[in-house]
Amino acid sequence: MNRLGKKSVLVLGGSRGIGAAIVRRFAAEGAKVVFTYLSSPDDAQALAAETGSEALRADSGDRDSLVELIVSLGPLDVLVVNSGILGAGDPLDMPPDDIDRLFRINIHAPYHAAVAAARTMPDGGRIIFIGSANADRMPMTGLAAYSASKSALKGMAKGLARDLGARGITVNVVQPGPTDTDMNPAEGPLKDVMHGFMAIKRHATGAEIAGLVAYLAGPEADVITGAAYNIDGGFTA
Ligand code: NDP
């Protein structure tokens with residue numbers, strides 16, 4: 001597999017879970033991959049060694065540092081914004097500062113990273129946000145801020161798709177359903193509740209999500225833009 005050979009790829013939040021699966025997939029397809037991490041340096045360094053990619057520490061919640069990093073990397077062919085946090089609880093009890101940080105990481109970072117990358121991205125580049133099926137269906141309590149943040153990515157992708165379309169740059173959202181990671185373990189306490197909402201009653205793997213991301217980054221997806229794809233076992237069906 002060398003569909004993405006020599007492409008310069010940045011994955012924000014690549015040390016674990018879906019992001020790590022995306023790093024593995026892009027590296028296997030021949031891309032030159034850089035990824036960021038925040039709290040998991042050991043995982044990040046192990047993944048970098050395994051895949052021949054480069055790990056850089058950068059907090060997606062710190063706009064200026066994030067933009068500075070993107071500028072320092074030079075032109076990117078592909079930007080994947082995967083870093084995201086959950087933050088579940090009764091909205092009447094959740095500290096406002098925690099909600100603001102969630103919005104900074106889940107909404108502000110994708111926007112500012114995409115704009116910073118777009119300044120130097122070559123024609124035909126790709127921007128891919130990892131959203132959530134919760135943008136389209138929120139059947140549980142306690143996740144209003146999270147689902148709001150993931151819905152924002154859909155509007156963002158549509159607008160940026162218009163802004164960047166003349167340069168052949170596509171902007172899309174991949175919206176996973178329950179996927180087996182530290183954030184949402186396949187054997188976690190909410191497993192049966194979540195599977196109850198699904199047609200295919202199992203968590204996805206990170207590799208399955210990475211497959212769709214790789215497709216959108218590849219040459220067959222030139223005219224897919226401003227779109228959001230659910231990959232969720234029918235969670236939103
Ligand atoms: P994990 O919590 O398992 O992993 C999150 C990754 O993002 C880690 O690599 C983490 O790095 C990184 N990250 C988190 N915050 C920051 C930050 N401030 N700066 C830099 N990196 C950061 O999550 P998942 O793999 O499950 O989720 C990945 C994405 O997929 C998220 O956007 C999530 O909302 C979305 N998603 C997940 C679903 C699921 O069921 N798992 C379902 C739908 C959407 P580090 O550990 O180094 O801090």
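**Reading contacts, burial and helix packing**

Biologist: Which residues is I209 in contact with, leaving aside its neighbours within four places in sequence?

Modeller: Contact means heavy atoms within 4.5 Å. By that rule, I209 is in contact with I18, V174, P176, T179, A204 and I231, leaving aside its neighbours within four places in sequence. This is a predicted model: local features need pLDDT of at least 70, side-chain atom pairs count only at pLDDT 80 or more, and totals for chains, interfaces and linings use all residues. Residues are numbered from 1 along each chain as its sequence is written, and side-chain values use heavy atoms, with hydrogens and water left out.

Biologist: Where does I209 lie? Is I209 buried or exposed?

Modeller: Helices (H or I, at least four residues) and strands (E, at least two) are DSSP runs, numbered from the N terminus. I209 lies in helix α7, residues 206-217. Buried means under 20% relative accessible area, exposed over 50%, and partly exposed in between, using a 1.4 Å probe and protein chains only. I209 has a relative accessible area of 0%, so I209 is buried. The C-alpha atoms of I209 and V174 are 7.9 Å apart, though 35 residues separate them along the chain.

Biologist: What does I231 touch?

Modeller: I231 sits in strand β7, residues 228-231. Not counting residues up to four places away in sequence, I231 touches V174, Q175, P176, G177, E208, I209 and L212. Another pair to find is I231 and A133: 98 residues apart in sequence, 7.7 Å apart C-alpha to C-alpha.

Biologist: Which polar contact does the side chain of T51 make?

Modeller: A polar contact is a pair of N or O atoms within 3.5 Å; within protein, one must be able to donate a hydrogen and the other to accept it, and residues adjacent in sequence count only if both atoms are side-chain atoms. The T51 side chain makes one with the side chain of S53, at 2.6 Å. A polar atom of the T51 side chain also lies 2.7 Å from the backbone oxygen of L47. T51 belongs to helix α2, residues 41-51. T51 is buried, at 18% relative accessible area.

Biologist: At what angle do α3 and α4 pack?

Modeller: Axes are lines fitted to C-alpha atoms, for helices over the stretch in contact, and angles run from 0 to 180 degrees between N-to-C directions. Helix α3 (residues 63-73) and helix α4 (residues 96-118) pack at about 30 degrees, with axes 9 Å apart. The contact is made by R63, L66, V67 and I70 of α3 and A109, H112, A113, A116 and A117 of α4.
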